[in-house]
Amino acid sequence: MKAPRDFFDYDGFVEKFKPRKTTDDCYTPAAVYETVLRWARDAYALGEDAPIIRPFFPGGDYERADYPPECVVLDNPPFSILSAIVAFYDSLRIRFFLFAPALTSLRLAARATVIYTGATITYANGATIPTCFVTSLDRAWRVRAEPALGAAIHAANATERKGKRLPVYQLPENVLNGARLDTLAALVQLRLTAGQVRVIGNLEAMRRAKKGLFGGGILIGPKAAAKAAKAAKAAKAAKAAKAAKAAKAAKARVWALAAHEAAAAKECDATEAVVALAPWLAGDVGGEG
């Protein structure tokens with residue numbers, strides 16, 4: 001029989017069996033998913049009857065999922081094993097259109113088409129990630145940049161988040177809360193005595209509106225508030241000027257192509273690439289002549 005001490009950490013024992021939430025748990029907002037699905041259907045003439053499979057969910061196993069003939073996997077997979085997922089579908093000739101991290105997915109262009117859109121998606125768990133797409137559906141192109149898809153995703157993401165935004169309040173200049181003081185502290189030294197502050201839990205106007213001053217705050221005199229605001233404005237300007245000067249002085253290291261790389265690049269011009277302005281910019285540029 002085990003000693004009683006073996007059972008002291010019961011909570012720790014139970015914790016071991018709870019599902020872990022990792023950076024792979026980026027659940028796709030419904031409006032964004034529908035926008036991407038609609039674009040893929042139109043771009044690749046999939047038709048409304050094409051079976052769309054979503055095998056990536058908590059506890060799911062994509063390798064044992066059911067993939068009917070002519071189906072397309074359109075889903076947001078765990079980014080940490082994306083290369084293995086693409087290899088799996090490629091080996092079985094299962095068609096796919098997958099969400100992917102924009103900064104690290106270009107290497108997959110060796111075996112699939114990578115589509116960049118300039119979109120940064122805010123997922124359901126709050127993670128904000130620059131997102132591209134990797135697909136086997138494209139027979140013509142290996143790398144694409146599609147601003148129209150990016151614009152549609154941005155609009156869908158904004159609609160999804162609209163109802164979840166926190167209210168924005170503008171406090172009087174002589175009311176400081178924790179957030180304001182934290183911002184101020186990065187720019188200005190401020191020291192106030194006990195006689196120069198009045199600690200408050202809320203403002204009367206906010207109380208009447210059934211709103212709260214998160215974390216409470218302090219009242220300071222109008223003169224002190226004006227001095228702090230003036231100093232903060234001057235500090236911001238000085239900081240911006242310093243940053244601009246540093247950027248101008250910085251020298252970027254220029255990397256050159258090796259001879260064999262330059263030759264390989266030249267071979268890529270054997271056929272004509274398609275390059276065009278985003279539709280909403282073409283008119284502006286064309287009218288400048």
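The model is predicted, so local features need pLDDT of at least 70, side-chain atom pairs count only at pLDDT 80 or more, and totals for chains, interfaces and linings use all residues. Residues are numbered from 1 along each chain as its sequence is written, and side-chain values use heavy atoms, with hydrogens and water left out.

Begin by displaying the open sheet of six strands, whose order is 1-2-3-5-4-6 and whose pairing is mixed. Strands (E, at least two residues) and helices (H or I, at least four) are DSSP runs numbered from the N terminus; two strands pair if DSSP finds at least two bridges between them. Select strand 1 (52-53) and strand 6 (143-145): each has a single partner strand, so one side of each is left without a neighbour in the sheet.

Next, select strand 3 (residues 95-101) and strand 5 (residues 128-135), which run antiparallel and are joined by five bridges. Within this pair, Ala100 faces Cys132 of strand 5. Helix 2 (residues 30-43) packs on this sheet, touching strands 1 to 6 and making about 135° with the direction of strand 3. Contact means heavy atoms within 4.5 Å; axes are lines fitted to C-alpha atoms, for helices over the stretch in contact, and angles run from 0 to 180 degrees between N-to-C directions.

Colour strand 3 by accessibility: six of its seven residues are buried, where buried means under 20% relative accessible area, with a 1.4 Å probe and protein chains only. Strand 2 runs parallel to strand 3, and four bridges join them. From strand 2 the chain passes through helix 3 to strand 3 in a right-handed β-α-β crossover; with the strands pointing away from the viewer, the path from the first strand over the helix to the second runs clockwise. Helix 3 (residues 82-92) lies across strands 2, 3 and 5, at about 170° to strand 3.

**A stop in helix 2**

Select Thr35, which lies in helix 2. At 9% relative accessibility, Thr35 counts as buried. Leaving aside residues up to four places away in sequence, Thr35 touches Ala152, Ile153 and Ala156.

Finally, display the open antiparallel sheet with the order 7-9-8. Its neighbouring strands are turned by 30° against each other on average, direction ignored. Four bridges join strand 8 to strand 9 (residues 217-220), and Ile200 stands opposite Gly217 in strand 9. Helix 5 (residues 178-185) lies across strand 7 and strand 9, at about 85° to strand 7.

Note on methods. Buried means under 20% relative accessible area, exposed over 50%, partly exposed in between (1.4 Å probe, protein chains only).
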